[in-house]
Amino acid sequence: MLKNFLTVGGWTMVSRVLGLVRDQLLAAFLGTGSAQAAYLVAFRLPNMFRRLFGEGAFNAAFVPMFTARLAQNGEAEARAFATEAMSALASWLLLITILGEILMPWLIRLIAPGFTTEGTEFDLAVSLTRITFPYLVLICVAALVAGVLNSLHRFSMAAAAYVSFNVVGIGSILYGAFVLHDTAYAAAWGITISGIVQLGLLLWSLRRAGMTLSFGRPRFTPAMHDMIRRLVPGLIGSGVTQLNLTVDTMIATLLPAGSISWLYFADRMNQLPLGVLGAAAGTTLLPVLTRHVANGEIREGHATLNRTIDYALLLTLPACFGLITLAPEIMAGLFGFGHFTIRDAMASAQSLRAYAAGLPAFVLVKVLSPGFFAHGDTRTPVNIGYVTLALNLALNLALYRPLAHIGPPLASTLAALGNVALLGVILYRRDIFRPDRRSIGRLARMTAASALMSAATIVIARIAMPDLIGWHGLPRAAGLGALIVFAGALYLLLLALLGVARPGAVLGRLRRPRPAPLP
């Protein structure tokens with residue numbers, strides 16, 4: 001599981017780094033003006049579906065059912081089920097896409113209530129979202145194919161294909177900026193084109209793995225009914241973080257100009273560790289937990305869940321402390337150029353600190369949710385999701401006026417903490433989650449190491465680079481890089497001194513033989 005965790009996490013890290021480059025280009029060429037605001041609203045819907053289907057709910061519904069058929073009935077039965085699922089979901093989402101294209105003006109009024117019909121932002125958002133909306137169908141089918149690959153233990157193939165989203169995005173922005181001289185429209189087309197490329201790569205990978213899928217006439221068989229019954233609540237159960245971020249965007253349209261961009265770029269920095277660690281943990285944990293449940297291995301399930309939490313928080317905690325400590329330097333160093341001013345960077349840093357405070361909770365939601373899904377329970381996470389969504393909306397409405405652009409991310413953080421608390425308590429009562437003394441002790445030492453790293457980094461930054469934010473270009477980027485390297489090295493040293501992790505032990509685990517894949 002550790003190897004698979006690192007495989008998925010490694011490819012996701014490559015994708016996130018490329019996503020950071022794409023966001024830097026957006027900030028440089030579009031700044032925080034109306035074109036940027038319209039594009040970000042158009043980007044929110046397909047990006048939300050990408051994260052929901054690609055990193056959460058679809059795996060929760062599809063992977064256990066496909067894995068069970070593959071193990072019990074063989075490849076032919078599993079392939080037939082996957083073909084039925086692909087045909088049914090593609091047809092359903094195609095209908096939603098057509099309706100969305102027709103009703104787009106009303107949809108934009110819903111997700112961007114601050115855009116007035118008289119302003120340029122509204123018309124541009126409608127046009128751009130119509131371009132990006134077909135991505136919904138493409139990402140659904142791509143997520144299904146990725147789920148098949150994950151069930152075949154081809155984690156690398158499934159994770160690598162998602163890199164194309166940002167590769168195509170970078171190319172489209174550069175083409176729009178230097179050739180078309182219309183970055184917003186080119187970036188929107190890049191989203192849909194990336195979906196085509198991504199799906200093509202996954203289908204090619206699946207064929208290389210010895211399995212092919214084909215579209216057919218959609219048939220709502222009992223198996224399809226069961227999968228959809230699991231999928232619909234799972235969209236909220238595992239995707240509540242994304243739905244909360246969508247609420248943040250809705251509220252941000254009511255805030256002063258620039259707020260949408262400040263929140264977006266802060267969220268993107270927070271999503272770098274969240275996407276890498278949360279997605280990797282959830283993707284690799286679910287098949288393992290499902291096997292333990294099927295075999296009645298309760299204690300092994302406890303140990304697996306504890307190890308996954310340990311792996312995830314080992315890097316999430318220092319990321320949380322580091323983002324809070326260096327938020328101004330990070331936002332200025334990565335985005336403070338072109339049309340994105342230092343003032344924009346400082347405002348976005350305030351939002352980043354509010355998001356980063358909830359980073360461990362955001363990751364733990366992705367880790368704990370598979371504990372329900374492996375037992376076939378999607379109803380409980382969705383009920384918790386309803387509570388969390390209501391809490392997030394209430395907090396947003398209470399905080400957005402007094403705290404402006406800090407209010408929505410703080411509301412999401414507080415809602416995520418509530419979400420984790422409810423998930424953990426219910427899993428504990430059902431004897432699915434049992435944190436042992438060793439795990440609690442390691443968590444305390446990891447937290448101490450992260451706090452010490454943060455304090456030392458603050459001291460070094462104030463003494464050696466007191467005016468880092470005012471530097472320009474390469475010197476500022478180099479200074480930021482030096483601080484990050486120092487913080488990372490210090491954290492590794494503290495982990496070794498506190499007995500949390502020794503490099504030799506980790507390498508020893510990685511060298512162990514991998515278990516044979518399912519037939």
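How many helices and strands are there in the chain? There are 21 helices and zero strands, where helices (H or I, at least four residues) and strands (E, at least two) are DSSP runs numbered from the N terminus. This is a predicted model, in which local features need pLDDT of at least 70 and side-chain atom pairs count only at pLDDT 80 or more, while totals for chains, interfaces and linings use all residues. Residues are numbered from 1 along each chain as its sequence is written, and side-chain values use heavy atoms, with hydrogens and water left out.

**View 1. The chain as a whole.** Of the 519 residues in the chain, 59% are buried; buried means under 20% relative accessible area, exposed over 50%, and partly exposed in between (1.4 Å probe, protein chains only). Among contacts (heavy atoms within 4.5 Å) with a separation of 6 or more, 84% come from residues 24 or more positions apart.

**View 2. The largest nonpolar core and M269.** A nonpolar core is a set of buried Ala, Val, Leu, Ile, Met, Phe, Trp, Tyr and Cys residues joined through side-chain atoms within 4.5 Å. The largest one here has 138 residues, and those with the most contacts inside it are F62, F66, I108, V148, M269, M331 and F335. Helix α14 (residues 298-335) gives this core its largest share, 16 residues. Take a look at M269: beyond its neighbours within four places in sequence, its contacts are L20, L323, I330, M331, L334, F335 and L352.

View 3. The whole structure holds eleven aromatic pairs. Rings of Phe, Tyr and Trp (its six-membered ring) pair if their centres lie within 6.5 Å; planes under 30 degrees apart count as stacked, over 60 as edge-to-face and the rest as tilted. One cluster linked by ring pairs is made of Y39, F43, Y135, F165, Y264, F265, F335 and F340. Elsewhere, look for two arginines over rings: the charged end of R69 is 4.4 Å from the ring centre of F81, and that of R434 is 3.9 Å from the ring centre of Y428. A charge sits over a ring if NZ of Lys or CZ of Arg is within 6 Å of the ring centre and within 35 degrees of the ring normal.

View 4. Helix α15 (residues 342-356) has 15 residues and reaches 20 Å between its end C-alpha atoms, close to the expected 21 Å. The expected span is 1.5 Å times one less than the number of residues. Among the buried residues of α15 are D344, S348 and Y355. In helix α16 (residues 359-373), 15 of the 15 residues are buried, so this helix is largely enclosed by the rest of the structure.

View 5. Q198 lies in helix α10 (residues 183-208) and counts as buried because its relative accessibility is 1%. Leaving out residues up to four places away in sequence, Q198 touches Y135, I139, A142, A161, Y162, S164 and F165. R476, in helix α20 (residues 473-497), is buried at 5% relative accessibility. R476 and G336 are 140 residues apart in sequence, yet 9.9 Å apart in space, C-alpha to C-alpha.

View 6. H181, in the loop between α9 (163-180) and α10, has a positive phi near 60° although not a glycine. H181 is exposed, with a relative accessible area of 64%. In the loop between α17 (379-403) and α18 (407-429), A404 has a positive phi of about 55°, and at 24% relative accessibility A404 is partly exposed.
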